[in-house]
Amino acid sequence: MTPRRLRIYLVSSVLVVVAALGGTLASGDEPVLGLDLQGGISIVYQAVGKVKPGALDVTRDVIADRVNSLGVAEPEISRQGRTISVDLPGVKNRDQAARIVGQTGELRFRPVLAPLADLKAVAGVTTTTVAGATTTTTVPATEEAIKAAVAACDPNALVPLIAGGARIPTSTRAEDTRKACVVLQERDSSSRLFLGPTQLTGKVVDNAKSEFQTGQGWAVSINFAGEGAALWDQVAQSNFHERVAIVLDGIIQSAPTIQPDDQVFSSFGGTAVISGSFEQDEAEELGKVINYGALPVELKKLTTNDVSPTLGRDQLDAGVAAGVVGLLLVGLYMLIYYRLLGAVVVAGLVLSAGFTYALITFLGQSIGLALTLAGVTGLIVSIGITVDSYVVYFERLKDEVRTGKTVRSSVDRGFAKSFRTIVAADSVSLIGALALYFIAVGQVRGFAFFLGVSTLLDLAVAYFFMHPIVSLMARRPALVRMRGVGIASGLDAPGVTT
C-alpha cells in the first residue's frame, strides 16, 4: 500500500471520529439510558380467566401501542406463557403509566361518518356566489368549537372549521367513550376517520377466524353469540352500503363497507364475513384482534418493581468506572510490553471509544436505542476483542522480523497475514452476537447488540487506523531505533534494520 493511501486512510479515520464526536458534544445530546440505568418501573401482568388463542399476542401489541403513546424511550414488552412483562424506563408519572398500561381493551363497532380527508377536500373548495348557490362560512377554530362540532356527530359541522384553518385533532383516550363521536386513525395508515357512537362491542362476538375463500382470497369470518346475531343484523341494515369501523383501544383496525363491490363486509343470519385485498397475515391478525374483543384479556398485576434513578446512576457510574479502569490497565500493559506500539493501541482504543459514544448517542436520539447495564458489559467485553487484534498484528510482526526482514517490509506482509486471523476471530464473535440477539430476549439482546457493533468497529479500526499508522511509523528510522521505547524494542528485536 502506498504512503499516500496510508495517509488518506489514517487522516480520514481520525477526521470521521473527531467530526462524529464533536457534533455529538456540540449538540448536547447524550445516550438514552435503559430502565436499569435511569430508573423507571417494571410491571408483570398475568392473564385472568379464559383466554382465546392469539388474544395474549394482541394484548401485548395493545400494551405496546399504549406505551408508545406515553413517549417512553426503548420500552421492553415481552410475553412468557400467560404473563406479560412491561419495562418502562424514565417514566415520570409512574402511577398513571401503570394504570394506562394495565387497562382492559374493548373492541367496538362504530359507523364511519366521514373520512377526515374528504371533509378537508370539501372545505378547500372555492365556491362562487350565484343565484341558488351556497358558500362555506368559516368560523373561529377554537378548541371549544372543535369539541362542540365533534360532539354534534355532524361531519358538516367540521367543514367550516377546517375552512377556517382548524386542524382537527385525534380524540384522546379520555374522549374515546362508547357514546361519543370520535376522530381516530387507521392502523398502518396516516388517514383518520370521523366515527359515530359505538353500536356494538366485542361482547357480542363468539369467535372470528381467517379463512381462504375461493374467488375472493383471504377473509375473516365472524360468528356472533346469542342475541349478538340479531344485534349485528340491525347494525348491518342500518349501515347498508356504508363503512363500519372495527376499533380496538382507540385505533381503527379495519373499516370495511357493508356489501360493497371492492371490499365485502356481508351479513347472513348473524355471521359477518370481511373480505377484500387481504394477505394471509393481515387476515390472521384481524382475526386475532376480533377474538381479543370477543373475550378481552383481563390482566392481574403480579409484581411492580420501582427502579430508583439513584440506583441506576450508581450502576452506570460503576460500569463506567470499571470500563475506565480496564482501559487504563490495558493501556499500561500495552505500553510496557510493546513500548511505542503500545501507544498505537491506546490511541486506537480512544478512537474506538469516541466513535462508539457518538454512535450510541445518535441511535438513541434517532430510533430510541437505550443503553442498559448489559450493553455496558458488552462494550467492556469488546475491549478485549479490540486489543486482541493489535496483539495478533504485533506478534505477526515479531515473526516477520525474526526471519531477517526489515520492519518496513514486514508491516504490510504481517498485516496481510494477521488481518485474515483478525477477520476470522471477529467473525466468531459476530456470529455469537447475532445468535444471541435473535434468539435471546430481554437485556441479553442489548449485550449482543453492543458486542456486535464493537466487533464491526474493531475491523474498521484495524484496517483504516492500526495498519496505516504502524506502516507510516515504520518508515521513520528514528521511531524504529529509539532506544528502549522504539518499534524495534517493542518487537523484541533491537538489532533489526528499518
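This report walks through some features of a predicted protein model, one topic at a time.

## How to read the model

The model is predicted, so local features need pLDDT of at least 70, side-chain atom pairs count only at pLDDT 80 or more, and totals for chains, interfaces and linings use all residues. Residues are numbered from 1 along each chain as its sequence is written, and side-chain values use heavy atoms, with hydrogens and water left out.

## Confidence

Let's start with pLDDT, the predictor's confidence in each residue, from 0 to 100. The protein has a mean pLDDT of 83, and 90% of its residues reach 70 or more. Confidence is highest in strand β7 (residues 192-195), at 94, and lowest in strand β13 (residues 264-268), at a mean of 52. Helices (H or I, at least four residues) and strands (E, at least two) are DSSP runs, numbered from the N terminus.

Over residues 128-132 the pLDDT stays under 50, and the model has two contacts for them beyond four places in sequence; a contact means heavy atoms within 4.5 Å. Residues 260-264 also have a pLDDT below 50, with 12 contacts in the model beyond near neighbours in sequence. Where pLDDT is low, the predicted coordinates should not be read in detail.

## The disulfide

How many disulfides does the structure hold? There is one, and it joins Cys153 to Cys181, with an S to S distance of 1.8 Å. A disulfide here is a pair of cysteine sulfur atoms within 2.5 Å. The pair links distant parts of the chain, 28 residues apart: Cys153 is in the loop between α6 (143-151) and α7 (155-163), while Cys181 is in the loop between α7 and β6 (182-186). The torsion about the S-S bond is about 110 degrees, so this disulfide is right-handed.

Are the two cysteines buried or exposed? Cys153 is partly exposed, with a relative accessible area of 28%, whereas Cys181 is buried at 7%. Buried means under 20% relative accessible area, exposed over 50%, and partly exposed in between (1.4 Å probe, protein chains only).

## Positive phi angles

Most residues other than glycine have a negative phi. Cys153 has a positive phi, near 60 degrees. His241 has a positive phi too, near 65 degrees, and is found in the loop between α8 (228-238) and β11 (244-248).

## Two nonpolar cores

A nonpolar core is a set of buried Ala, Val, Leu, Ile, Met, Phe, Trp, Tyr and Cys residues joined through side-chain atoms within 4.5 Å. The largest has 44 residues, of which Trp232 and Ile290 touch the most other members. Helix α3 (residues 55-69) gives the most to this core, with six residues. Leaving aside residues up to four places away in sequence, Ile290 touches several residues, including Leu107, Val205 and Ile274.

A second, separate core of 36 residues includes Tyr390, Phe394, Phe465 and Leu491. Two of these names return with Gly348, which is in contact with Tyr390, Val461 and Phe465, apart from neighbours within four places in sequence. Gly348 lies in helix α11 (residues 340-367) and is buried, at 0% relative accessibility. The C-alpha atoms of Gly348 and Tyr390 are separated by 9.2 Å, although the two residues are 42 residues apart along the chain.

## A buried charge

Asp458 is found in helix α14 (residues 443-474). Asp458 is buried yet has no salt bridge, which would be a side-chain nitrogen of Lys or Arg within 4 Å of a carboxyl oxygen of Asp or Glu. The nearest side chain of opposite charge, Arg420, is 16 Å away; Lys and Arg count as positive and Asp and Glu as negative, while His and the chain ends are not counted. What does Asp458 touch, not counting residues up to four places away in sequence? Its contacts are Ile385, Thr386, Ser389, Ile422 and Asp426.
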